[in-house]
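Subject: Structure handover

Hello,

Here is the structure you were waiting for. Please open it next to this message and follow along.

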Amino acid sequence: MENIVSLQTDSDGVATLLLKMPGRANKINAAFGAALHAAVEAALADPAVKGIVIASGHKDFCVGADLDFLMSADDPAAFLAAVLDLTRLYRRIEQGGKPVACALTGSALGGGYELALACHHRVALGDARVQVGLPEVNLGVIPGAGGTQRLPRMIGVQAALENILQGKILRAPDALTAGFVDALAATPADVLAACRAWVLANPGAKQPWDRADFAWPAPSPLSEEGRNILMVACAMLYQKTSGVFPAPEAVISVVQQGAALQFDRALEVEARAFVKLALSPQARDMIRTFWFHRTAAERHEGLPALPAGADAGIQKIAVLGAGMMGAGLAFLCAQRGYTVVLKDISQAALDAGMAHVRAEAARTARRKGEARAEAEAAAILARLTPTLDDEPIRGSDLVIEAVIEDMAIKHRVTRALEPLLAPGAIWASNTSALPITRLAEAFSDPARFVGLHFFSPVEKMPLLEIIAGAQTSEQTLARSLDLCRRLNKLPILVNDGYGFFTSRVFAAYILEGVQLVAEGHEPVLVEQAARQAGMVVPPLQVFDEVSLRLGRHVLDQAAEYTGRNLPAARQLLIDMVDTHARVGRVEGRGFYQYTPSSRGGFKRAGIWSGLRDLAKTRPVDPVRAVADTAALSRRLLLAQIAEVARCFDDGILRQPRDAEVGAIFGIGFAPNTGGPLAWIDRQGAAGVVAELEALEALHGERFSPAKRLREMASKGERFFAG
Amino acid sequence: MPVPDAWIYDAVRSPRGRGKENGALYVTRPIDLLAQSLDALRQRRDLDTAAVDDVVIGCVTQTGEQGACIARFAALQAGWDFDAPGVTLNRFCGSGLEAINHAAAMVASGFHDIVVAGGVESMSRVRMGSDGGAIWDAETQWSVGAVPQGVSADLLATLHGIDRAQADAFALRSQQRAAAAQAAGAFDRTLVPVRDPSGLVLLDRDELPRADTTIEKLNALKASFEVMGTQFGLDNLTRRRYPQVEKIRHIHTAGNSSGIVDGAAAVLVGNAAAGATLGRPRARVRAVALSGEEPLIMLTGPLSATQRALKKAGMSIHDIDLFEVNEAFAAVPLWWMQALGVPEEKVNVNGGAIALGHPLGATGAVLLATALDALEDRGLSTALITLCIGGGMGIATIIERV
């Protein structure tokens, strides 16, 4: 145990509790709790100790709960006992009778920050890389070691809820402003010194909530104003989540309940709510995807890698096409230190692209403070050459082609530019759907041809879908993955086929949405059904964003490559675009109507009133509205599920993890489910097959259950351990 | 044994005072408001209060001055016999009528002989909602769902195509009818002035009506629940049950919703034998009914409560001469009339809560008294009183003159 928490008392009587678990980080589990408990009791019992400083021997202070420990818990009584042990330990720290300060020389998240909250004073290193916060809701749980009770009492209910409900993580300077920490210091040594000085100067330290004269930061949750704030918080939360996330809902509940209770029992209310959520299917599924799968993807686990010490041999990158994606990519690559050539065939397009690049450079640089801003922006721009000519491309190690989605044009561009490239260069297409193997036919060495499917806006979207064509080499994949890491993207690696993984599933989703409207379902119900399924953006809204013209093109292209079609949806799109000139948000008229926004562009103002006539929408039966919406939610999910499962049959998916990571981080698949495969597991494959068969009978073969799914159903298999 | 009828011997009420600091009744404790009504009732029928089996009082916000069973202490304050007990009940806006129905049930069952029923609410002194309750819990929001009533009223209007113009026109009629009724002395039989400790009159007529209002003035008012509904997002909370409603149209204003007022009422209920001491009864209770509906829309209870009461009484809607449908919000009576096809001429003939105010716990008893007076003035026989109730409930009572 000594090697987890060590205790050292100096001549002034300040005991330092150094947290240093074996491995690279401090994570809260039973062993951590026991070691901290022993050290705290020892320090409290030693009459020579006047004050305590809790510090970390690792880079971070403490990054929260050990999720392996959490995922292995299954008995609510035993788990509650463990949680309450930790609660009591934190209570002991703040009520032990000696001042305790917390030295945040690195990040303190979740249970780690809750430990900091249980100290009387928090000093953080004034470095933007040091982060604090309570991000629990992002994993389907709530803070379980006092966070929902201490933070509101410290910074007020409204501020605390804003942070906990969004799972916000604050950088140290912002944390000081927000009241999450009490002071900043310039170096780790200064942090420790400040803590020591504070405990020596505050022998009678007591938490505000343990003082007889405790008053809530105004407005108190017990006041009428506080009550109204809580009601509005509920409304705002529901607006964002449509009721699919129990964790943030529970946060408001326990903050409100606990506010009126004796503090120790308030902590118990929180602990009981935490245990229920932590053992819930949703938390399991979200933790698996948002933590384990994501971390594995970040570490490129199971993906091709360059030999240790080898270089990817990519210095100069040519980006073809200066549209939104091309310009964004050029900026990103230049920002990460690559030499970049951005080429287009139109001066106007190139100018627009460069305007975007400059705006991004300025914006990114602004965040870092004026002094370095200009230098940084200048450096990015200096690495980036816009051109209408081919010649500057000469010697590029990588081409990222982002020209129009047309096989013939892409082939032509490939043939024209290949001779200019450096020997061994990689040709990557950013196509979102066209088969890589066929695109590679125009390239002399298809082993060096790959699909790099980025998502728009590329500066923000975390995912990179890497597509291996039939002949793409492991070496090319490894080099591409190196680029991925340098661009700070989250990779999935899939095999070739029209639409790959993400576009296939995404198209299935949004086309099903339009199909539902074309069948006469009330568009408002369709959109609401998508929200209630947990989909991040409802389908008609998506269409308006990407433009109906593009949507129609995708539909036709899909028909060309897959032979599958949705005639009713197609006709509706044709009528919308050709007859009614409703193209989407860019023109302020699409499935939605718009009003001009004060910030430029357009603001949604409800479903276009003419849509119901056009689609012959049936009136909603108010008695059935809730049930109908639930059925539409299922159908929107199952249209995607059917496609995901077929991606196994078609050999697109190499491993289950990619389905979850791709769907969640690429296309806004319902995060509350943990991903499409987690959803299948929760329903049981047999149930999903039965539901798909019923839908297939009614709506066609796009719902036909994949062979993989039938096999799993017959063998009772699942994708992931429960 | 034949089940005895429940007779209504008499009814009194206070005038309704504006429910704010500038209201005439703001200087009066709620207990005194109620005690003065009880005292007036006793005097009218020379009531031997020792013979009163119970005093059943509706009061919604039972906290502060209205907490701790105001019924019992108001009876004592009024100098009633110790042996006249008291109970205070809360069925939200239906409390006053619930008190009468409860009294009628005890009498009709034979358990009691004489019961005084009524209600009280000083909204100026005890703020609506200040009694807290699980309805405010976030946890209840997630498991049951709750929105402010105004949002419910606007949702009801949106779902049934009731627009602002209809609501304002209805509000104007409420004002005009109330003004005409006041001018004609239609409330005089029932109204008992509220007095201060020296006996000086504080208020002798309903304070709220605006006889001078116009449709233009009503149209100019701001929708009361728009900011709450759209800016603070409370409209969204209705989506779980009304996914088809893309946008709630906010039509209710301070002008076409019920007014916040102070008031009290008391009704004397007894069996036939009680007539020997109480004198001639004025009406009998034909039927009572309750209903429970979806709580987010909250205000739809009166329809099924009406239908149930009619069924119990063996009557059709055409057998009822006059209706009192509480004007909590204009959309409620408008929707109720739309749903049942009842002509406006029969509904709230002396105006309603939009013009006169809605003293929550007292309103049901006030409406019963108003209906009885209107029947007598017009020489008619039957009336149905119904109110929408928080939590999605409804209540109705059918009375018949004797």
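Below are the notes on what was found, chain by chain.

This is a predicted model: local features need pLDDT of at least 70, side-chain atom pairs count only at pLDDT 80 or more, and totals for chains, interfaces and linings use all residues. Residues are numbered from 1 along each chain as its sequence is written, chains are lettered from A and ligands numbered from 1 in the order in which they are written, and side-chain values use heavy atoms, with hydrogens and water left out.

**Chain A overall**

Chain A has 29 helices and 19 strands. Both kinds of element are DSSP runs, numbered from the N terminus: helices are H or I with at least four residues, strands are E with at least two. The C-alpha trace of chain A spans about 80 × 65 × 55 Å along its principal axes. For 722 residues, a compact globule would have a radius of gyration near 27 Å; chain A has 28 Å, which agrees. That radius is taken over C-alpha atoms, and the globule rule is 2.2 Å times the number of residues to the power 0.38.

Of the 722 residues in chain A, 57% are buried. Buried means under 20% relative accessible area, exposed means over 50%, and partly exposed lies in between (1.4 Å probe, protein chains only). Chain A exposes about 28,400 Å², and carbon and sulfur atoms supply 54% of that. Accessible areas come from the Shrake-Rupley method with a 1.4 Å probe; for residues, only the protein chains shown count as cover. Take the contacts in chain A between residues at least 6 apart in sequence: 74% of them join residues at least 24 apart. A contact means heavy atoms within 4.5 Å.

Start at β1(A), residues 5-9. This strand pairs with β2(A), residues 14-19, in the antiparallel sense over five bridges. Strands count as paired if DSSP finds at least two bridges between them. Thr9(A) stands opposite Ala15(A) of β2(A). The two strands form a hairpin with four residues between them. In the turn, Gly13(A) has a positive phi of about 90°.

β2(A) also pairs with β3(A), residues 51-56, this time in the parallel sense over six bridges. Leu17(A) has Ile54(A) as its bridge partner in β3(A). From β2(A) the chain crosses through helix α1(A), residues 30-45, to β3(A), and this β-α-β crossover is right-handed. Right-handed means that, with the strands pointing away from the viewer, the path from the first strand over the helix to the second runs clockwise.

**Chain A, backbone points to check**

Where are the cis peptide bonds? One runs from Ala218(A) to Pro219(A), with omega near -5°. Pro219(A) is in the loop between α8 (188-201) and α9 (224-241) of chain A. Another runs from Ser456(A) to Pro457(A), also with omega near -5°. Pro457(A) is in the loop between β15 (449-454) and β16 (463-468) of chain A.

Ser242(A) is not a glycine, yet has a positive phi of about 50°. Ser242(A) is in the loop between α9 and α10 (246-259) of chain A. Ser242(A) is buried, with a relative accessible area of 9%.

**Chain B overall**

Chain B has 13 helices and twelve strands. Its C-alpha trace spans about 60 × 50 × 45 Å along the principal axes. For 402 residues, a compact globule would have a radius of gyration near 21 Å; chain B has 20 Å, which agrees. Of these 402 residues, 60% count as buried. The accessible surface of chain B comes to about 14,600 Å², and 53% of it belongs to carbon and sulfur atoms. Among contacts in chain B between residues at least 6 apart in sequence, 84% join residues at least 24 apart.

**Chain B, strand β3**

Why is β3(B), residues 54-58, largely enclosed by the rest of the structure? Because five of its five residues are buried. Asp54(B), Val56(B) and Gly58(B) point one way from β3(B), while Val55(B) and Ile57(B) point the other way.

β3(B) pairs in the parallel sense with β5(B), residues 114-122, over five bridges. Four bridges join β3(B) to β4(B), and these two also run parallel. Val55(B) has a bridge partner in each neighbour: Val116(B) in β5(B) and Gly86(B) in β4(B). The chain crosses from β3(B) through helix α2(B), residues 70-77, to β4(B), and this β-α-β crossover is right-handed.

Phe92(B) is in the loop between β4 (86-89) and α3 (95-108) of chain B. Its phi is near 45°, a positive value in a residue other than glycine. Phe92(B) is partly exposed, with a relative accessible area of 34%.

Best wishes
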